[in-house]
Amino acid sequence: LVHRGCTVVPTSQPVTMAVGKNKKLMKGKKGGKKKAVDIMIKKEWYNIKAPSYFSERMVGYTPVTRTTGTKLAKDGLMGRVFECSLADLNNDENAYRKMRLMVEEVQGHDVLLNFHGMDMTTDKLRSLVKKWQSLIEASVDIKTTDGYVLRMFALGFSKKRPNSERKTAYAKSAQIREIRGKMIEVMAREANGCDMKELVTKFIPESISREIEKACKGIYPLHDVFIRKVKVLKKPKFDIGRLLEIHGEVATGGTSSGAVARTGEFAEPEIQAEV
């Protein structure tokens, strides 16, 4: 073969580059390839236990990194918030209601939850809003007897009066103000005189909503009245005895069932004459 006056002789052997001439051939990746490690090997599973006012106590399981050195597994669990459907907690059909429960204590491999708030699913709220009716909302801050400060949100919709031939069911602005005042009054009355446990047992069957509907009937008839949302604004100082009471695990000192005993006030031991 002739190329620009030079003769090139083809050979059958492949041309190899001398090692050491090209530095890029000798270079490898910095640090080498990292070994893939399964992060779940370092985890352990804990049982999630709901308070006793729900029929289904065992909610599920949650993973946490094992205790290593000064980093405790308990610290990784405390303060976690779980959002559960009321239908799963009570084995009923109230799937639109979401309950928020917070971890307040860890005992062995069980995490004990307490009420931390309540909400409704978005699809349920969207299905309630319709034409030709008025939407009335109200909110109020209340304090329970055991020191919790909650903010409650209620909503309701106006409906046609009996034997009305009108297409619409709009309430006047004065009536809406009066209904809102009644809503606040009923929520404050129902919540201020009870503790957290009693209040949650009122939220579950929607008894406060029915009281609002009855109270507002004389102003303008309502339907689809709900406690839309509940937020916990402030909590009292943590009391392990009260939490165990909510979970139904208070036991006497002589029990051997494994439940934590609540002994009450500390008592000085008697002085022994002989040792």
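**Reading loops, helix packing and ring pairs**

Visitor: Where does Trp132 lie?

Guide: Trp132 lies in the loop that runs between helix 4 (122-128) and strand 8 (135-143). Keep in mind that this is a predicted model.

Visitor: What is the phi of Trp132?

Guide: Phi of Trp132 is near 65 degrees, a positive value in a residue other than glycine. With a relative accessibility of 35%, Trp132 counts as partly exposed, because that class covers values between 20% and 50%.

Visitor: Which loop holds Asn163, and what is its phi?

Guide: Asn163 belongs to the loop between strand 9 (149-158) and helix 5. Asn163 is not a glycine either, yet its phi is positive, at about 65 degrees. The relative accessible area of Asn163 is 80%, so this residue is exposed.

Visitor: How many helices and strands does the protein have, and what share of its residues is buried?

Guide: There are eight helices and ten strands. The protein has 275 residues, of which 37% count as buried. As for contacts between residues at least 6 apart in sequence, 60% of them join residues at least 24 apart.

Visitor: How should I read the packing of two helices?

Guide: Packed helices are described by two values, the angle between the axes and the distance between the axes. Here, helix 5 (residues 173-192) packs with helix 7 (residues 207-216) at an angle of about 140 degrees, and the axes are 9 Å apart. Helix 5 is therefore oblique to helix 7, since roughly antiparallel would need an angle over 145 degrees.

Visitor: Is the crossing of helix 5 and helix 7 left-handed or right-handed, and which residues make the contact?

Guide: The crossing of these two helices is right-handed. Helix 5 contributes Ile179, Lys182, Met183, Val186, Met187, Arg189 and Glu190 to the contact, and helix 7 contributes Ile208, Glu211, Ile212, Ala215 and Cys216. By class, the residues of this contact are eight nonpolar, no polar and four charged.

Visitor: How do I read a pair of aromatic rings?

Guide: Such a pair is described by the distance of the ring centres and the angle of the ring planes. Rings count as a pair if their centres lie within 6.5 Å, and by this rule the count comes to three aromatic pairs. In one of them, Tyr53 with Phe54, the centres are 5.0 Å apart and the planes stand at 65 degrees, so the pair is edge-to-face. Tyr53 and Phe54 are both buried.

Visitor: What are the values for Phe115 and Phe203?

Guide: The ring centres of Phe115 and Phe203 are 6.2 Å apart, and the planes are at 35 degrees, so this pair is tilted. Phe115 is in strand 7 (residues 110-120) and Phe203 is in helix 6 (residues 196-203), so the pair ties together parts that are 88 residues apart in sequence.

Visitor: Are Phe115 and Phe203 buried or exposed?

Guide: Phe115 is buried, its relative accessible area being 0%. Phe203 also counts as buried, at 3% relative accessibility.

Visitor: Strand 7 also holds Asp110. With which residues is Asp110 in contact, leaving aside neighbours within four places in sequence?

Guide: With those neighbours set aside, Asp110 is in contact with Tyr46, Asn47, Lys49 and Glu105. Asp110 counts as partly exposed, at 23% relative accessibility.

Methods: Residues are numbered from 1 along each chain as its sequence is written. This is a predicted model: local features need pLDDT of at least 70, side-chain atom pairs count only at pLDDT 80 or more; totals for chains, interfaces and linings use all residues. Side-chain values use heavy atoms; hydrogens and water are left out. Axes are lines fitted to C-alpha atoms, for helices over the stretch in contact, and angles run from 0 to 180 degrees between N-to-C directions. Helices (H or I, at least four residues) and strands (E, at least two) are DSSP runs, numbered from the N terminus. Angles under 35 degrees count as roughly parallel, over 145 as roughly antiparallel, 65 to 115 as roughly perpendicular and the rest as oblique. A crossing is left-handed if the near helix is turned anticlockwise from the far one by less than a right angle, and right-handed if clockwise. Contact means heavy atoms within 4.5 Å. Ala, Val, Leu, Ile, Met, Phe, Trp, Tyr, Cys and Pro count as nonpolar, Asp, Glu, Lys and Arg as charged, and the others, Gly among them, as polar. Rings of Phe, Tyr and Trp (its six-membered ring) pair if their centres lie within 6.5 Å; planes under 30 degrees apart count as stacked, over 60 as edge-to-face and the rest as tilted. Buried means under 20% relative accessible area, exposed over 50%, partly exposed in between (1.4 Å probe, protein chains only).
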